[in-house]
Amino acid sequence: MWIPHTIPKTTFHLFIPSDEIVSCRLLLNEVEHVVSSVNFSWADCMPKPLKLLCLDNIANHFSRYPDQLFEWITPINTEYLVETLSTSLPIYLVTHVPGDEYWRRRYADTWPNDVISTRNPTVVTDSVKIIYITKYVSQIIENLEPGYVDETELSEILMVCSPYVTVIDCQQLRIQGSMVHTLAIDEPKGIIPHDPIHIDMSFVLGILKNIRTLSLVYGSRTFTTEPPMYTPEQYRFNIDDMDTLGCGLVISKNLTSLAITKSELNMPKFNRLLPYLMECHGLEEINFSFCKLNSLGGKSVAHFVKTAKMLKLVNLCGNNIGPDGVESLSFVMLWRRNNNYPAIELNLNMNNISDIGAKYLASALASGVQPLTKLRIRNCDITEIGGLNIAQSLAYDRGLRALEIDNNPLTLKVAIALHTTLKTNLNIAYLSIQNCNLSQSITNFLSRVAFYNRHEKRSELNYVDIEYLCYDDDVEQENISLEEGTIESENMENDTKEGLI
């Protein structure tokens, strides 16, 4: 009873006495002598058994005991020990502590304003221990300052944590402290003699052998309280950083996902990284969103995509890629399928691909070789012409599962084309056309068609004629045979996975 969390919740609540029962048990002269089943402080008045005193002593001198300690003591004593063990012990002393309770306490003490997040699909099934160590290591790497790193101490910590770490997620890498003030000054661009250099990632990845997912943001943290906290100049980094990162990628044999986001990754820097990427044969996902690749960088990415046999996802959101870059990407998607490479989930949201770029994508979809599994082209300045090309191409494609074309100035003609195409296309499982100058009834109906496809209930859908949808906003109610909020909740879940919420 001295460890409340070990009691099953059903049992715990079952034995909570009501106020009436407690008051009936009180004697007139014994008001202060009440034992409540929900108040564990009564145990503090009892002398501790010798066993618990021994366990307290073990906890106070934990560094003296070998890793096999938890194999020698009983499960109930292990429960007590992990309850009392200090959360401020060095990480190398506690990596063998079993269960989740100790790591849950340590997580709460280390990041008191944070909650244990399992939004990332790669950590949903992980224990709290792995989640803690992963975040702990990511923050260590994130806070390393070039020129001031004790590699001996760092290597000891990373080696101890290496068996448990498969993900590195650094929100912002540091630069040399002497340059932070210089970068924060609002001076004309180019005043700094050279771009800042960040931590040597090849050293880090050489120790962390099990990394599968690597996510980096090149920038510097500032600790000023005056706005702006960050300036665009602080996200600059040296082209030589691509060499140190590339060497680390080559030796990371288990790497499947690479993300460099919100950084000044341009075409020259990507080209410096490209030879190393060519040797990463296991990559399945690449994410270069919100960088500065432009169309030329998009062509360089297409060159890599052509050689990546395992690649399944390419995220180039927010890179100002124009039609030229989209043309190269579309051609490569066709080439991949003709050579039996996996189809690609392509994210081109917030790029200036225009109607010309949409035409290239439509040509790839209409080829019939199923080049894409998902296509995201939100906020891409696509008008009626490009929208018609995309909609009509779906009549020939049977591999596309999701299409997002929100926030583009489409017209009723595009809606009519989509309505016609979706009559025979049963493959589209997710369709989003919000804020496209279409009536809400048309938008909802087309999304519902994809919803019924996704749940393989298309036979239950009353496929309403487009004329009724154009003039009757209430006709969509005829098709609500599943939960009303399911479509919206699934759309929000999809956006969350994409990092849009």
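Reply: Helices (H or I, at least four residues) and strands (E, at least two) are DSSP runs, numbered from the N terminus. This is a predicted model, in which local features need pLDDT of at least 70 and side-chain atom pairs count only at pLDDT 80 or more, while totals for chains, interfaces and linings use all residues. Residues are numbered from 1 along each chain as its sequence is written, and side-chain values use heavy atoms, with hydrogens and water left out.

Me: Which helix holds Glu153?

Reply: Glu153 belongs to helix α9, residues 151-161.

Me: Is Glu153 buried, partly exposed or exposed?

Reply: Buried means under 20% relative accessible area, exposed over 50%, and partly exposed in between (1.4 Å probe, protein chains only). Glu153 has 46% relative accessibility, so it counts as partly exposed.

Me: How many aromatic pairs are there?

Reply: Rings of Phe, Tyr and Trp (its six-membered ring) pair if their centres lie within 6.5 Å; planes under 30 degrees apart count as stacked, over 60 as edge-to-face and the rest as tilted. The rule gives 12 aromatic pairs. One of them is edge-to-face, because the ring centres of Tyr102 and Trp103 are 5.3 Å apart and the planes stand at 85°. Tyr102 is buried, at 0% relative accessible area, and Trp103 is buried, also at 0%.

Me: Why is the pair of Trp335 and Tyr341 edge-to-face?

Reply: Their planes are at 80°, with the centres 5.5 Å apart, so the pair is edge-to-face. Trp335 is partly exposed at 25%, whereas Tyr341 is buried at 14%.

Me: Which residues do ring pairs link into a cluster?

Reply: The cluster consists of Tyr102, Trp103, Tyr107, Trp111, Tyr132 and Tyr136.
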